[in-house]
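Visitor: I am new to this structure. Please show it to me before we talk about it.

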Amino acid sequence: MNTARRTLGPTIAAHGVMILYTLIALFPVFVIVTNSFKSRRAIFRDPLGLPTSETFSLVGYETVLKQGDFFLYFQNSMIVTVVSLALILIFGAMAAFALAEYRFPGNALMGLYLALGIMIPIRIGTVAILEMMVSTGLVNTLTALILVYTAQGLPLAVFILSAFMKGVSDDLKNAGRIDGLSEYKIFFRLVLPLVRPAMATVAVFNMIPIWNDLWFPLILAPAEEVKTLTLGSQVFIGQFVTDWNAVLSALSMAILPVMVLYVVFSRQLIRGITSGAVK
Amino acid sequence: MAQPSKKPFRWHIAVFLAPAVFVYTAVMIYPLFNTLRLSLYSRVDQERVWVGLDNFRTLFGDAIWSEQFWNALGNNTWFFVIHMAVQNPIGIALAALLSSPRLRFSAFYRTAIFIPTILSFVIVGFAWKLILSPIWGIAPGMLDAIGLKFLYAPWLGKEEYALTTLSLVSVWQYVGIPMMLIYAALLSIPDEILEAGECDGITGMSAFWKIKLPLILPSIGIISVLTFVANFNAFDLIYAAQGALAGPDFSTDILGTFMYRTFFGFQLQLGDPHMGSTIASAMFGIILIGVCIYLFGIQRRLRSYQF
């Protein structure tokens with residue numbers, strides 16, 4: 001850009017606004033995490049101070065680990081998220097390949113049918129989903145959650161992946177066909193490895209909503225042994241509402257895994273959002 | 001998928017489509033229509049009986065139900081209005097600043113401002129509840145420090161402020177999404193257009209208003225419809241911060257919490273799946289109207305701006 005007009009004033013103002021908003025965005029997280037390491041008295045006397053050697057205390061974390069089964073919740077959340085993501089990716093990629101690669105009667109209609117779910121939230125159907133899960137005995141199992149999240153994630157996955165698969169070169173696939181590869185091998189050996197970046201984008205988009213969802217765990221799987229971390233911390237906090245140390249520690253422990261995921265995947269996530277909208 | 005008889009049936013297409021179509025149909029589409037169907041039934045003496053549109057008549061006509069429904073719908077509309085009026089302008093402003101090529105550390109700002117968006121409603125709801133709580137005193141203490149203590153009120157506990165406060169908390173959480181989408185749209189504007197404007201003397205703020213803003217209108221349209229669907233389907237934040245009763249005195253009740261209470265029951269009221277389905281159907285109708293207005297009314301007109 002034009003460097004001759006570089007002025008200091010607007011730049012400083014821009015940084016000022018960005019720093020202010022960054023502080024607003026991070027302040028609550030900062031307050032929760034720092035206070036979770038303080039003794040009860042320090043939490044109230046000096047809520048904004050950092051924990052010092054005399055106010056440092058882990059009593060909240062001790063309560064959380066003693067009273068709540070957070071490792072179990074974490075494990076449940078992990079299973080639900082990982083299995084749902086795997087199913088969304090593999091089923092979504094297969095359907096996207098069928099729609100992008102072959103011409104068959106009803107192709108456009110099928111694409112439209114699968115795209116319906118992008119705009120219509122699955123929560124509207126909760127009453128019937130619960131009824132179905134009760135009648136099939138899946139209520140209070142992780143399977144119920146996995147099925148729901150897979151169905152919820154598929155429409156967008158098919159949409160994004162089929163746009164990507166249309167870009168895979170036809171020559172490559174035809175070369176494979178001439179060499180006698182079956183359509184399945186063409187999909188798994190040639191096409192899948194090429195759309196890996198798009199798969200990563202889909203995974204990152206779906207990961208956070210699944211991990212954070214409260215509605216379906218609350219309705220489909222509220223039993224103790226299948227609680228997810230989000231529901232588990234919600235219930236725990238509800239019970240310990242007057243024990244501020246425990247509440248703050250539980251919140252910090254719930255923040256931690258998401259933050260780790262975010263730090264690991266933030267580049268992929270941001271690239272996904274940016275490239276998706278450019279198109 | 002009936003195949004023309006000339007060619008052999010291509011089984012692999014069916015195999016590729018089957019799992020996705022099956023799961024999607026069985027767990028999403030079928031329950032959706034089943035919910036719409038259930039709203040036409042009611043339970044009388046342990047039996048499911050067809051009642052036609054009676055449930056809707058109760059929902060809109062019966063004083064007890066309709067009052068709750070209109071209250072929830074009104075609150076939900078206010079929730080949406082605040083999002084549109086606060087979240088989107090802030091998101092656009094942040095994106096405009098971020099996309100300026102001379103801004104250093106923009107990757108850092110982008111990452112940091114997006115952090116609230118990845119947190120769950122449970123964390124966000126409780127964190128703000130604690131911060132705004134008069135017991136802890138972070139909010140009054142900070143207002144005191146800048147001499148504005150008289151402004152403080154227990155916002156989440158007062159009927160007249162609670163809903164607005166929660167809407168703003170939700171805005172705080174979700175501002176990252178419009179910011180990112182607008183940022184992407186701004187980056188995709190070709191430099192030649194901006195340079196052409198510069199030759200005609202359009203720079204700085206007027207370049208934003210006259211060139212960039214019209215070009216990002218399609219993204220603003222998408223963001224508006226995404227916000228609409230998300231808001232009229234919201235539940236988690238209100239439930240985490242105020243509980244299923246959406247206190248104080250139902251002043252933060254929105255359609256999601258209303259449906260949850262009706263369908264699942266709370267305290268003295270028994271859960272009623274049929275009335276729950278009726279509310280779900282009403283929500284479906286509202287979302288459908290919103291999406292249709294966008295698809296047929298707004299998107300079509302915006303298309304002409306795209307490159």
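Predicted model: local features only at pLDDT ≥ 70, side-chain atom pairs only at ≥ 80, totals over all residues.

Visitor: In chain A, which helix has the highest confidence?

Guide: Helices here are DSSP runs of H or I with at least four residues, strands are runs of E with at least two, and both are numbered from the N terminus. The lowest confidence in chain A is in helix α13 (residues 244–278), at a mean of 77. The highest, at 93, is in helix α4 (residues 70–101) of chain A.

Visitor: In chain B, where is confidence lowest?

Guide: Chain B averages a pLDDT of 84, and 95% of the residues score at least 70. Confidence in chain B is highest in α1(B), at 92. It is lowest, at a mean of 72, in strand β4 (residues 269–270) of chain B.

Visitor: What area is buried between chain B and chain A?

Guide: Contact means heavy atoms within 4.5 Å, and by that rule 91 residues of chain B and 90 residues of chain A take part. Buried area is the accessible area (1.4 Å probe) that two parts lose on being put together, summed over both. Carbon and sulfur atoms give 80% of it, and the area is about 8500 Å².

Visitor: Which residue forms a salt bridge with Arg48(B)?

Guide: A salt bridge is a side-chain nitrogen of Lys or Arg within 4 Å of a carboxyl oxygen of Asp or Glu. Two salt bridges are counted between chain B and chain A. In the one with Arg48(B), the closest N and O atoms are 2.8 Å apart, and the partner is Glu131(A).

Visitor: How far apart in sequence are the parts that Lys173(A) and Glu101(A) tie together?

Guide: The whole structure holds 10 salt bridges over all chains. Lys173(A) and Glu101(A) form one, with the closest N and O atoms 2.6 Å apart. Lys173(A) is in helix α8 (residues 170–178) of chain A and Glu101(A) is in helix α4 of chain A, so the parts joined by the pair are separated in sequence by 72 residues.

Visitor: How much area do domain 1 and domain 2 of chain A bury between them?

Guide: The bounds, from an automatic or database domain assignment, are 8–57 for domain 1 and 63–278 for domain 2 of chain A. The C-alpha centres of these domains lie 33 Å apart, and 10 residues of domain 1 are in contact with nine residues of domain 2. Carbon and sulfur atoms carry 68% of the buried area, which is about 780 Å².

Visitor: Which residues of domain 1 of chain A lose the most area to domain 2 of chain A?

Guide: Three residues together account for 53% of what that side buries. They are Ile32(A), Ser36(A) and Arg40(A).

Notes. Residues numbered from 1 in each chain as written. Chains lettered and ligands numbered in written order. Heavy atoms only, no water. pLDDT = per-residue confidence, 0-100.
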